[in-house]
Amino acid sequence: MTERHTASCRCGQLKATARGEPVRVSVCHCLDCKKRSGSSFAVQARWPAEQVTIEGRSKSWMNIADSGNRITFHFCPDCGSDVHYEIDGKFDGLIAIPLGAFEDTYFASPRFSVWEGRKHDWVEILGDEVEHSH
């Protein structure tokens, strides 16, 4: 049986269900992720698009990320929560879902910490398996 992970917006109207384990879990310290999460960084898990099912209505907003790639956010039109997004370029074909949107937020740990040049001095991302990049 394939493991399933379900994420949703705060009101529950928009859901994303991912099958299997994510291909990448990362912490990002870029300005877009800080604004999106309302925190000092964001954590997201990525799956191939064919392993993710989206249910409910969403609106989208496109921006150019710090990397120069186009990023498209999909959020609930009722409560405004981001539920999934795609980044064109390096992550083509993958859907990213914020870790905090999942029913079980403890199923995965980050293996990558990116844009650390913008990381707050008081933040440390720990773990022997974590790859750090500026």
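Is Arg70 buried, partly exposed or exposed, and what is its relative accessible area? Arg70 is partly exposed, at 42% (buried means under 20% relative accessible area, exposed over 50%, partly exposed in between, with a 1.4 Å probe and protein chains only).

This is a predicted model, in which local features need pLDDT of at least 70 and side-chain atom pairs count only at pLDDT 80 or more, while totals for chains, interfaces and linings use all residues. Residues are numbered from 1 along each chain as its sequence is written, and side-chain values use heavy atoms, without hydrogens and water.

The count of salt bridges comes to 3 (a side-chain nitrogen of Lys or Arg within 4 Å of a carboxyl oxygen of Asp or Glu).

| Salt bridge | N to O distance |
|---|---|
| Arg57 and Asp78 | 2.8 Å |
| Asp88 and Arg70 | 2.4 Å |
| Arg111 and Glu129 | 3.3 Å |

Strands (E, at least two residues) are DSSP runs, numbered from the N terminus. Asp88 is partly exposed at 27%. Arg111 is also partly exposed, at 44%, whereas Glu129 is exposed at 55%.

An open sheet of 3 strands has the order 1-2-5 with antiparallel pairing (two strands pair if DSSP finds at least two bridges between them). Strand 1 (4–8) and strand 5 (52–55) each have a single partner strand, so one side of each lacks a neighbour in the sheet. Strand 1 pairs with strand 2 (residues 15–19) over 5 bridges, and Arg4 stands opposite Arg19 in strand 2.

Conventions:
Helices (H or I, at least four residues) and strands (E, at least two) are DSSP runs, numbered from the N terminus.
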